[in-house]
Amino acid sequence: MAEECVPEGPDLGEMGEEELWELINDNRHRISLGVRPCILIPYLRQARVLTEMDEDEIISCHNLTNRSMRTSYMLDLLRTHGRNGAVALLESLMIHYPTLYTQVTGRKPSTEPSRFSGLIKYSELTEYLVRAVTGMQKELQEARCEAGRMTARCSSLESEIREIMGQEEKSRCLQSENERMRRHLCSLQHEVTKLKDEKCDLYMRYTATMEEKSAVNMRFHDLNLQVYQLQTELQKAQTENEFQKRRSLRCAAYAETPQLQEELRSLRCQLVKVEKLDPARQDILAQDLAEAIDSQVELAEQLRCYREENEKLLTEKQGLLDQKECLSLQVQQLTLDCDMHQQKNTVIQNQMRELQAERDQAYLSRDEAQAMIARVLAEKDTLRCQLVEFQERVFSLQANRSPGEQRQSSTQEIEVDWDYSRSSSEESTFLTRRRLRRMDAVNPMLHSPFNSECEDAAVNSVRSRNAEPPSPESLRRREEALYVDSSLETAETDSLLDDFVFLPSAASEDKQTPRLSSSNGTSTDGLSRTSAPPFLLRSRPKAIRVNGRVLSISFQAEALLSQLAVIGGNKTGVFVHKVTEGSAAHTVGISPGAQIVEVKYKQNQRALRMVLEDSTLEEAMWALGQITGLCHLSLRPRQDDYEVLLQQLQSSESSSGDSFYVRVNMSLPAGPNGTLAVSCNDIIHVTNTRPASTEDSWHASQVHPCQLLDLQSGTVPNYYRAQRLLIRAIEDMSFQKKKSQKMWRPVAQNKEKAVRIVSTGRQGRNPLWVSIEDEKTKNTDSDDTSAAKSCLSLMPYTLVTPHYPPICRPVLLLPTVLGRILDKKLAGWQGFQLCEPEVLNSSEHAALLQRSEILEECEQGRNCCYTLQSVEKVMKKGIHCVLPLGLDCVRRLHRAEIFPIIIFIGQTTRSARKLRSKLQRHGQSEEQLLACSRSEEPLLDKLPCLYHSMAPDSWCDQTSLLTSLRTIIWEEQKKIVWVEPDLW
């Protein structure tokens with residue numbers, strides 16, 4: 001329906017050039033915003049309205065910074081082609097942007113051939129339309145896939161947002177519950193405080209009551225005393241009365257009777273008064289006593305009630321304390337959850353801030369690097385100008401000298417030819433100072449006079465002529481020059497001719513054809529040599545080389561080790577330790593703390609280069625001791641690492657900067673002066689290749705089999721001396737073998753392994769040592785020399801690296817004939833599983849074979865083989881995979897970082913007789929088992945890893961053999977796996 005509503009515009013074929021471009025210019029803004037030039041350019045190229053140069057200008061021009069500018073520039077280029085450019089543009093819009101085409105022209109888009117102008121042939125148009133439709137379908141499919149991915153991503157993000165909102169809601173509920181529990185806890189604490197106050201009041205009242213009770217008891221006690229006193233007085237009065245009665249009866253006749261009677265009457269009156277008062281007092285005292293007893297009973301009842309209330313309060317307090325602990329635990333859990341969410345937010349914010357800081361630091365570093373490059377180039381230009389001025393003065397002074405002096409000085413000069421193709425040239429040092437000239441960064445031989453005239457020198461040269469930072473184009477050309485320069489230095493026999501070019505003097509110009517040697521071996525006559533004496537000229541690509549702040553210094557290094565002393569090793573790097581004052585090394589500015597990265601020198605008309613960045617101290621001192629003339633040292637300032645190494649050496653933490661592990665390929669007995677006794681296939685840790693107390697020795701330690709710990713330490717022969725001992729041991733063994741062939745043939749089988757033959761014939765050089773040619777071998781006969789040279793490839797030590805397999809390692813049993821018999825028995829035990837073959841189709845088999853993931857082909861069928869995937873599948877279960885394979889699978893497993901446990905079961909005629917029934921059951925014989933054992937045992941030494949060998953007399957039957965194998969596998973699983981580089 002939408003297509004039917006589009007009004008039909010004017011016919012494009014009837015419109016003229018101006019009308020078409022007026023129509024396009026009216027919609028220029030819309031076209032510039034909605035069109036991508038890279039989509040329309042193929043059709044415009046097909047219509048021949050744009051050229052390849054136009055396409056490069058539209059896409060690659062740096063002045064066109066956005067898509068709208070590129071589209072506008074494309075329209076300007078099409079305007080130059082007139083009506084064809086407009087028609088081709090509208091046809092490309094009709095194909096790729098139909099909606100925009102309708103908006104511009106007012107016509108419905110159509111892919112019918114009649115609607116096209118004929119700028120493109122029918123067949124080419126059809127092919128282009130097919131490609132365009134296919135591309136659009138692919139873009140649509142990719143857009144749908146991207147939309148699906150974005151929809152899935154949005155749904156996952158929405159689910160995460162819902163989960164986060166749910167968690168936030170839960171946290172809010174928990175916080176509100178926490179606040180409510182806090183308020184409830186505060187109210188309970190207030191109630192407990194009130195109860196405590198009431199309890200204190202009750203205690204005060206109880207104390208007052210007890211004090212009143214004690215006062216009443218005191219009063220009662222006083223009353224009892226008074227009663228007792230009155231009773232005693234009464235008894236006394238009664239006794240006196242009775243006494244008076246008896247006396248009155250006896251002395252009635254006395255004259256004092258009236259007086260006595262008077263006293264008696266007075267006493268009787270008093271007695272009557274006392275008898276009248278006693279009952280009242282007794283009543284009062286009894287009443288007071290009853291009241292005191294009642295009050296005491298009441299107080300006891302109140303005390304009992306108070307105690308019961310106190311017990312209830314204590315139980316309530318305990319319950320409140322328990323609730324408080326539960327609430328505190330919930331509060332702590334909620335606090336931890338809140339802290340965790342806050343920490344996550346803080347970590348994300350910190351990461352954002354760190355990323356922003358790193359971005360800012362990278363920008364600052366870039367600006368500083370550009371400013372430093374500009375400053376260094378400016379300083380270099382200034383120094384070169386000064387150097388040229390000084391040399392011109394020297395040359396002018398030399399030119400003003402008398403002819404006799406010039407002839408005398410010319411006889412002292414010896415021409416040096418740095419070209420390797422001229423073997424007849426004589427090597428000598430120049431007695432006069434060579435003149436240095438600056439060359440362009442681009443090789444002058446690559447630029448002809450015509451190119452130099454038409455191209456701007458400021459664009460083609462990498463040199464910086466001002467103090468401003470270099471442009472990105474300049475940096476790009478520098479990187480390309482560095483890449484080309486580094487690719488030229490990969491060969492070991494890189495000559496000094498790549499670093500320097502030799503310009504002959506004016507005096508020798510007529511005798512010898514002037515030539516300029518370059519890195520690619522060509523010559524040119526583009527430089528003027530009218531009055532320049534011979535000097536060395538460094539080419540510009542070498543001059544701008546900056547590799548990790550490495551400084552290259554050239555000087556005359558006669559007896560270089562007497563000029564400077566070095567420390568360090570392969571672990572820390574080789575550093576300059578001391579520099580002799582007044583020497584050439586001190587003059588050129590070499591100071592302690594600089595790491596020697598590389599050394600170049602010339603010996604026997606050959607330019608040699610040796611990288612000392614990861615070399616041992618012994619190698620470095622040997623290489624520096626070979627220098628006898630002009631040398632080039634590459635130094636890197638590393639003062640902090642140098643100071644750390646000095647502290648370690650002074651505190652005796654380490655004896656040098658060397659640290660590497662080697663596998664011993666021969667047995668060495670213990671000797672005097674702390675010589676370490678080692679056996680063949682032992683692993684030792686070398687910590688010093690130049691001990692102070694001994695010569696031709698290394699300081700090493702034995703290594704714990706299960707941990708990376710050093711055990712017994714001592715000295716071992718260095719590589720060269722150990723190599724001679726190995727050759728001597730092999731000669732002794734061959735002599736003893738010939739001597740004992742008739743008498744002691746069985747004895748050799750029971751001896752331990754004395755040597756392991758490892759050769760560097762295919763690798764060419766061992767990474768542990770530098771090949772040294774002994775001076776004594778030069779004077780021997782040709783036969784002895786050839787024999788010595790053939791033995792120089794024997795390796796007494798091989799470099800190894802430790803590996804720590806995290807899971808159960810596969811098991812490989814040898815010899816293969818016996819292994820196939822024991823594999824199924826061993827796989828029946830718990831913790832073991834037999835590796836099963838996989839059946840593959842032709843494509844899978846070819847793909848796995850190309851990736852070297854096929855371990856071994858099966859004998860029973862085609863495309864049925866053992867693969868790495870089957871081994872890894874068993875290992876992921878955490879059990880040992882039993883490999884029914886041969887020795888060829890070991891290297892393939894090592895490439896996949898899988899290190900099997902290799903167990904070789906030694907065989908003799910007696911041990912093979914024990915397995916006769918098993919061998920016959922599997923169609924094998926004893927002779928085949930012994931032959932397989934003899935053929936596979938020498939191949940074990942060529943494996944890049946250690947293996948375990950079982951003695952033939954260590955087992956008696958199949959059950960004991962399997963039990964011993966399980967114990968060996970358990971012990972081997974705990975050990976470190978030492979792997980050496982594959983030299984075969």
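Colleague: What percentage of the 984 residues in the chain do buried residues make up?

Modeller: The model is a predicted one. A residue counts as buried when its relative accessible area is under 20%. Of the 984 residues in the chain, the buried share is 33%.

Colleague: In what order do the five strands of the open sheet stand?

Modeller: Strand 15 (832-834) and strand 21 (948-950) each have a single partner strand, so they stand at the edges. Strand 15 is joined to strand 19 (residues 880-883) by three bridges, and strand 21 pairs with strand 20 over three bridges. Four bridges join strand 14 to strand 20. With parallel pairing, the order is 15-19-14-20-21.

Colleague: By what angle are neighbouring strands of this sheet turned against each other on average?

Modeller: The angle is taken with direction ignored. On average, neighbouring strands are turned by 30°.

Colleague: Which residue of strand 21 stands opposite F904?

Modeller: F904 and I902 point one way from strand 20, while I901, I903 and I905 point the other way. In a regular strand, side chains alternate between the two faces of the sheet. In strand 21, the residue opposite F904 is S949.

Colleague: How many of the five residues of strand 20 are buried?

Modeller: Residues pointing either way from strand 20 are buried. The strand is largely enclosed by the rest of the structure, because the number of its residues that are buried is five of the five.

Colleague: Which helix lies across strand 14, strand 15, strand 19, strand 20 and strand 21?

Modeller: The helix in question covers residues 958-974. Its direction makes an angle of about 145° with strand 20 (901-905). It is helix 28.

Colleague: How far apart are the end C-alpha atoms of helix 5?

Modeller: Helix 5 (residues 67-79) has 13 residues. At 1.5 Å a residue, the helix should span 18 Å, and the model agrees with this, because the end C-alpha atoms are apart by 18 Å.

Colleague: Within what arc do the buried residues of helix 5 fall?

Modeller: The buried residues of helix 5 are T71, M74, L75, L77 and L78. An α-helix has 3.6 residues a turn, so residues three or four places apart point the same way. Seen down the axis, the buried residues of helix 5 line one face, because they fall within an arc of 160°.

Notes:
Residues are numbered from 1 along each chain as its sequence is written. This is a predicted model: local features need pLDDT of at least 70, side-chain atom pairs count only at pLDDT 80 or more; totals for chains, interfaces and linings use all residues. Side-chain values use heavy atoms; hydrogens and water are left out. Helices (H or I, at least four residues) and strands (E, at least two) are DSSP runs, numbered from the N terminus. The expected span of a helix is 1.5 Å times one less than its number of residues. Buried means under 20% relative accessible area, exposed over 50%, partly exposed in between (1.4 Å probe, protein chains only). The arc is that of the directions from the helix axis to the C-beta atoms. Two strands pair if DSSP finds at least two bridges between them. Axes are lines fitted to C-alpha atoms, for helices over the stretch in contact, and angles run from 0 to 180 degrees between N-to-C directions. Contact means heavy atoms within 4.5 Å.
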